Every structure is written in structure tokens, then in C-alpha cells.
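Here is a short report on one protein model. It covers salt bridges, a helix face and a surface patch.

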Amino acid sequence: MAVQPTPSDRPWYCPDGLVDAYKHVAHSGGNLRMLQHLKVVRAIVTNLLVAGVAYHAITSGGDPSLIGSTAVAALALLNGIEVGEWIAAKQALDELDQNVEE
């Protein structure tokens, strides 16, 4: 009988609800590896879009200190959310792989 990982076995930075949601997606027939790849593509597109809009605003005469600091804050926030989701999906994959091996 395989030992199910408990939420207390997870690292502190992995939200239990999100990891359980990703495990539910995998059990429902979803492909977590493809979902992770799509998240990376989404992050790249979002970063390029924010940087492009900030660059355009600065070159069009906007205040560089205001637009630059806003763009950096937006990128930090967006990337923090993306990394959190990616780590939760990775943890769910690791737990599912651990269950298969046992």
C-alpha cells in the first residue's frame, strides 16, 4: 500500500489547496507537464508584454521613474504568482510520481 503524502510533508512555500487542485487535474486526465510548459510560455509572453508597454510609454514621453518603477513592481508581482503556481504544479507532479513508484 502506497503512503499518501500529507500536507505536512510539503515545503512551506507550496500552497496545499493549489497542490491538491493540480493533483485533482492529473487524476481527472489532465497533463500536468503540458500545463507547466504552458505556464512558462504564458510567463514569457506576459513579461514581454509588460516590458514592451513600459518601453513604449517611456519612449513616447512618459515619466521614466514612474513607469519604470510601476513596470518593475508589476513584473515582480506577476512572476511571483507564476513561480508559486509552477512550484505547486511541480510538487503535485513529484507526489504523483512518488505514489506511482511505491
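Glu95 lies in helix H3 and Arg10 in the segment before H1, so the pair ties together parts that are 85 residues apart in sequence. A salt bridge here is a side-chain nitrogen of Lys or Arg within 4 Å of a carboxyl oxygen of Asp or Glu. Helices are DSSP runs (H or I, at least four residues), numbered from the N terminus.

The model is predicted: local features need pLDDT of at least 70, side-chain atom pairs count only at pLDDT 80 or more, and totals for chains, interfaces and linings use all residues. Residues are numbered from 1 along each chain as its sequence is written, and side-chain values use heavy atoms, with hydrogens and water left out.

How many salt bridges does a search of the whole structure find? The search finds nine. One of them joins the side chains of Asp97 and Arg33, at 3.3 Å from N to O. Asp97 lies in helix H3 and Arg33 in helix H2, so this pair ties together parts 64 residues apart in sequence. Asp97 is partly exposed, at 32% relative accessibility. Arg33 is partly exposed too, at 45%.

Glu85 forms a salt bridge with Lys39, with the closest N and O atoms 2.7 Å apart. Glu85 belongs to helix H3 and Lys39 to helix H2, so the pair ties together parts that are 46 residues apart in sequence. Lys39 is buried, with a relative accessible area of 8%.

## A salt-bridge network

Arg10 and Glu95 also belong to a network of salt bridges. Asp16, Asp20 and Lys23 are linked in that network as well.

Gln91 is found in helix H3, which spans residues 64-101. Gln91 is buried, at 14% relative accessible area. What does Gln91 touch, not counting residues up to four places away in sequence? Its contacts (heavy atoms within 4.5 Å) are Arg10, Pro11, Cys14 and Val19.

Helix H1 covers residues 16-27 and has 12 residues. From its first C-alpha to its last it reaches 16 Å, close to the 16 Å expected at 1.5 Å a residue. That expected span is 1.5 Å times one less than the number of residues.

The buried residues of H1 are Val19, Tyr22 and Lys23. Seen down the axis of H1, they fall within an arc of 100°, so they line one face of the helix. The arc is that of the directions from the helix axis to the C-beta atoms. An α-helix has 3.6 residues a turn, so residues three or four places apart point the same way. The face of H1 turned away from the buried side carries the exposed residues Gly17 and His24. Gly29 follows H1, and its phi is positive, near 105°.

## A nonpolar surface patch

Val40, Ile44, Leu48 and Trp86 make a nonpolar surface patch of about 380 Å². Patch residues have over 30% relative accessible area and no salt bridge; like charges are joined within 9 Å, nonpolar side chains (Val, Leu, Ile, Met, Phe, Trp, Tyr) within 5 Å. Accessible areas come from the Shrake-Rupley method with a 1.4 Å probe, and for residues only the protein chains shown count as cover.

Which helix gives the most to the nonpolar patch? Helix H2 (residues 32-59) does, with three residues. Val40 lies in helix H2. At 39% relative accessibility, Val40 counts as partly exposed.

Key. Helices (H or I, at least four residues) and strands (E, at least two) are DSSP runs, numbered from the N terminus. Buried means under 20% relative accessible area, exposed over 50%, partly exposed in between (1.4 Å probe, protein chains only).
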